Amino acid sequence: MSALFIRAFLAVILVLAPGLASAQALRVVARVNDEAITDFELKQRITFAIRSAGMQETPELQQRLAPQLLRQMIDERLQIQNSKGLGVRPTEAEVNQRIAEIERSAGMQHGQFRQYLQSIGVPYDIAAQQIEAGIAWAKIVRRRVRPQVEVSDAEIDDALSRIRVNVGKTESRVAEIFIPIDKVDQSDEAKRSADRVVEQLRRGAPFGALAQQFSQGATARAGGDLGWILPGSLDSALDAAIEKIPLRQASEPIRTPAGYHILYVVDRRPFATSRPDDVRLNLVQLTLALPINASADEVARATAEAQKAMSGVRQCSDLHTQARQLKGATSGDLSGIRAGDLAANPQMYQEIPKLSAGGTAGPFRVAEGMQIVSLCSKEGASGMPTRDTVGQQILLQKLEAAGRRYMRDMRRVATIDIKRP
């Protein structure tokens, strides 16, 4: 019996009810390459999905969601197994960093994510495994999918030509919940899954929360946000639907060759209208690890080290060099960050968008430690996207399609035995 299972099992005994500590909770509902998924794990995943999405919990809803969530759990096991085989399985530190990002974006203090899980009666390990799978999939895409995808200058030129034609037209900011169809015989079940999501939306469940739990598209982690969409940018069926969807309302399930889409129109505006909060920032960040309960002296030392590193930055890529020279420092690229999304940290929101290219701001105290940020470039100040932005959008669309094919191949070669949930 694994330590992971023991911790989850004990957490449920303490948090939920003694009645769950039964032999029924140990029943295997699926095996993924000989790795078991138990009835206990499935029940807790259902609870997590329902309560975190704000749905009304009933035995009927639990039963209806079981097949869909079991399939997602199977995919997640495959993703973790595949990442292990490639030598890129997520580390505990990476999972913790992602949790810190969730806390920061939700306005939580360090450690409040665990408290939130406890308040809704879900063991931490159930949520952590879902987070681990998301990180694993991102690593797989970078390692195996990204090298196979290219964007040509001709594709960018064609896209820019279409964009110029659309200046002055209305564009919509759209979010999506995507339920894929890999095989023809899965169409009916995918439609039932999409209908269940729409039913919960009609009952008042937040779109973003449902997208995070049930969407299997690349934007699930961001609450399904596709960004600003011009007419002609998506599949013709989706384009036609967007025009008819009232503002801040969701569509019925829309069928495309890839699967079922549920769309939500967040906002509308004339295309090429500049809005300061919509400027996209391409950044490099350097983080000096520092515990959330660090002493004043430790914070002062980290601040001094960060300020010293800032003095050696002439262009944004210099932060990567500084990170390699500082013990305990990490760095990373952040592309296309919307200026308005920095508002959760008022200091960042005030300082970073005002930087010129190559400029550096900070240090900022964040959950992970002490952070400095350098601006590489900004896009969209004139309302028109740059070639790099357009190329990135095309790349993401291609990666989404290539990722679905890779996931289908993983399922095809795997040994999957599904019992009745």
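**How many bridges pair strand E3 (residues 170-180) with E4, and in which sense?** The two strands pair in the antiparallel sense over four bridges. Two strands count as paired if DSSP finds at least two bridges between them. Helices (H or I, at least four residues) and strands (E, at least two) are DSSP runs, numbered from the N terminus. This is a predicted model, in which local features need pLDDT of at least 70 and side-chain atom pairs count only at pLDDT 80 or more, while totals for chains, interfaces and linings use all residues. Residues are numbered from 1 along each chain as its sequence is written, and side-chain values use heavy atoms, with hydrogens and water left out.

**View 1. Four strands form an open sheet in the order E4-E3-E6-E5.** The pairing is antiparallel. Strand E4 (225-229) and strand E5 (254-256) stand at the edges. Each has a single partner strand, so one side of each lacks a neighbour in the sheet. Neighbouring strands are turned by 40° against each other on average, direction ignored. Valine 174 stands opposite glycine 227 in E4. Helix H9 (residues 207-214) lies across E3 and strand E6 (259-270), at about 40° to E3. Axes are lines fitted to C-alpha atoms, for helices over the stretch in contact, and angles run from 0 to 180 degrees between N-to-C directions.

**View 2. A three-strand open sheet has the order E2-E1-E11.** Its pairing is antiparallel. Strand E2 (35-38) and strand E11 (416-418) are the edge strands. Each has a single partner strand, so one side of each is left without a neighbour in the sheet. The twist averages 20° from one strand to the next. Three bridges join strand E1 (residues 28-32) to E11. Here alanine 30 stands opposite isoleucine 418. Strands of a sheet pair through backbone hydrogen bonds, either parallel or antiparallel.

**View 3. Helix H2 (residues 39-52) packs on helix H6 (residues 124-145) at about 80°.** The axes are 9 Å apart. H2 and H6 are therefore roughly perpendicular. Angles under 35 degrees count as roughly parallel, over 145 as roughly antiparallel, 65 to 115 as roughly perpendicular and the rest as oblique. H2 contributes Glu41, Gln44, Arg45 and Phe48 to the contact; H6 contributes Ile126, Ala127 and Gln130. Contact means heavy atoms within 4.5 Å. These residues divide into three nonpolar, two polar and two charged. Ala, Val, Leu, Ile, Met, Phe, Trp, Tyr, Cys and Pro count as nonpolar, Asp, Glu, Lys and Arg as charged, and the others, Gly among them, as polar.

**View 4. Helix H3 (residues 59-85) crosses H6 at roughly 55°.** The axes come within 8 Å. That angle makes H3 oblique to H6. The crossing is left-handed, meaning that the near helix is turned anticlockwise from the far one by less than a right angle. From H3, the contact residues include Glu76, Ile80 and Asn82; from H6, they include Ala133, Trp137 and Ile140. The contact divides into five nonpolar, five polar and three charged residues. Leaving aside its neighbours within four places in sequence, asparagine 82 is in contact with Ile140, Tyr406 and Met410.

**View 5. The structure holds one disulfide, a pair of cysteine sulfur atoms within 2.5 Å.** The bond joins cysteine 316 to cysteine 376, S to S 2.1 Å. The torsion about the S-S bond is about 110°, so the disulfide is right-handed. Cysteine 316 sits in the loop between helix H11 (296-311) and helix H12 (318-325). Cysteine 376 lies in strand E10 (residues 369-379), and the two cysteines are 60 residues apart.
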